[in-house]
Amino acid sequence: MGRYSFFLVIAMALVWIILTETLDWSALAIGLLMGAFCLYFSDMFLPKVEGGRVKMTKLILYPLYIIGQVYLAGFTMLKFIIKGAEWQMVPVKTSLKAEVLRVMLADSMTFVPGSVSVDINDDTITSLWIFDKGTDLNKLGPDKISELAKGGLEKQLAKADMDAYEEAGK
């Protein structure tokens, strides 16, 4: 188990208390036990991820950010559905160095209405992207399509990419 195991077990116990909506010693004990159990088995069976260093403290507010993006994109998709929408498979380039963050970007793009990530190869995420019927993708170009498909998600995740900071000399 890693260096943050204790904090992960505490966080899982807090999530357990929130989900069960009870605040007593038995709920805390069960939450701690289940958190340790989950952490032990995930460490035992899941593969170790090698792919860059991530500053987790920069991701604390990311869940709130992505919830806001879900609502904003939902209203945009509603407009597309009413006016008419098309879809196409598009390659989305990312500048994130850490593999964990690239996977988080792909998952976030799928979570936010308007795109579904299908494949990740190095710095390219293949995504099914829904767009306005009147949009000409040939005029936009691949860079603009990537920016539109990612929204502000990559910028938020890039704050936690320690390898990118070191390459930039910061």
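Helices (H or I, at least four residues) and strands (E, at least two) are taken here as DSSP runs, numbered from the N terminus. With that in hand, the protein has 7 helices and 3 strands, and from the N terminus on its elements follow the order α-α-α-β-α-β-β-α-α-α. The model is a predicted one, so local features need pLDDT of at least 70 and side-chain atom pairs count only at pLDDT 80 or more, while totals for chains, interfaces and linings use all residues. Residues are numbered from 1 along each chain as its sequence is written, and side-chain values use heavy atoms, with hydrogens and water left out.

Let us begin with the whole chain. Of the 170 residues of the protein, 29% count as buried (under 20% relative accessible area, with exposed meaning over 50% and partly exposed in between; 1.4 Å probe, protein chains only). Taking contacts (heavy atoms within 4.5 Å) between residues at least 6 apart in sequence, 69% join residues at least 24 apart.

Now turn to the strands. E2 (residues 115–121) pairs with E3 (residues 124–132) in the antiparallel sense over 6 bridges; pairing requires that DSSP find at least two bridges between two strands. Val116 stands opposite Leu128 in E3. E2 and E3 form a hairpin with 2 residues between them, and Asp122 in the turn has a positive phi of about 50°.

A pocket is an open set of points on a 1 Å grid over the protein atoms alone, where a 1.4 Å probe fits, with protein on both sides within 12 Å along at least five of seven lines; lining residues have an atom within 4 Å of a point. Of its 24 lining residues, Ala73, Thr76, Pro113, Trp129 and Leu148 lie nearest the centre. H3 gives the largest share of the lining, 6 residues.

Helix H5 also holds Lys150. Why does Lys150 count as buried? Its relative accessibility is 4%. The side chains of Lys150 and Glu154 are joined by a polar contact of 2.7 Å (N or O atoms within 3.5 Å, one able to donate a hydrogen and the other to accept it; residues adjacent in sequence count only if both atoms are side-chain atoms). Leaving aside neighbours within four places in sequence, Lys150 is in contact with Val92, Lys93, Thr94, Leu105 and Met109.
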